[in-house]
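Here is my note for your first look at this model. Please keep the structure open as you read.

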Amino acid sequence: EYTKQILNLNGISNKVSLKVKEQYEENPYPRWVMAKEKKDRKYIELISDSIGPNKLPQEYLTQETKIRNVLIAGCGTGNHPISIAIDDYDVKIDALDISLSSLSYGKRMAELLNVNNINWIHGDILNLEDFNKKYDAIECCGVLHHMESPKKGFDALSNSLNENGLLKIAVYSRAFRNKLKAAKEFLKLKN
């Protein structure tokens, strides 16, 4: 029943995306049973804590009201977006995943926890441009390294970000992290 309530972004056609989808339809991830305890913190505090102290430029910390629309790209079973939504009811979250089974679990858990500020979306990051929406912040953790072309996935996310928006990427692959060295140096140079 939950699958019928989830917005479908567009068909998934990339061959690697289809294999990843098949894997997560059979084995929704991550497995969890309880969301964290509510702490009434703004999204900007949550993201600042998650990346470490003093890593965000000061202007973000003083302009917390500007982050209203957040995309969690590759939300899996919903623990990540639900944890954010529980702490900051003011933020509107689009939770995107390639697995309808994972999304259905997330939607069911959100309903059980009375979380109403998440829009559940089934689709591929590669089709984000068809959604034609911009975000104040995008988080994509543990996803890009699964893609046939992580760069195309990164570009799709980047193109969906508002100017001066925040983009949080986490990858498992050391090889891909090495490819990010130039970007990290640039960001460090520009503070």
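1. Start with a term. Two strands pair if DSSP finds at least two bridges between them. Helices (H or I, at least four residues) and strands (E, at least two) are DSSP runs, numbered from the N terminus. By that rule, E2 pairs with strand E5 (residues 135-141) over three bridges, in the parallel sense. Leu71 stands opposite Ile138 in E5.

2. A word on the source. This is a predicted model, where local features need pLDDT of at least 70, side-chain atom pairs count only at pLDDT 80 or more, and totals for chains, interfaces and linings use all residues. Residues are numbered from 1 along each chain as its sequence is written, and side-chain values use heavy atoms, with hydrogens and water left out.

3. Stay with E2. Val70 has Ile93 as its bridge partner in E3. From E2 the chain passes through helix H4 (residues 79-87) to E3, a right-handed β-α-β crossover (with the strands pointing away from the viewer, the path from the first strand over the helix to the second runs clockwise).

4. Now Asp124. Asp124 sits in the loop between strand E4 (118-122) and helix H6 (128-131). Which side chain of opposite charge is nearest to Asp124? Lys21, 11 Å away. Asp124 is buried and has no salt bridge (a side-chain nitrogen of Lys or Arg within 4 Å of a carboxyl oxygen of Asp or Glu).

Methods
Buried < 20%, exposed > 50% of the residue type's maximum accessible area, 1.4 Å probe, protein only. Lys, Arg positive; Asp, Glu negative; His and termini not counted.
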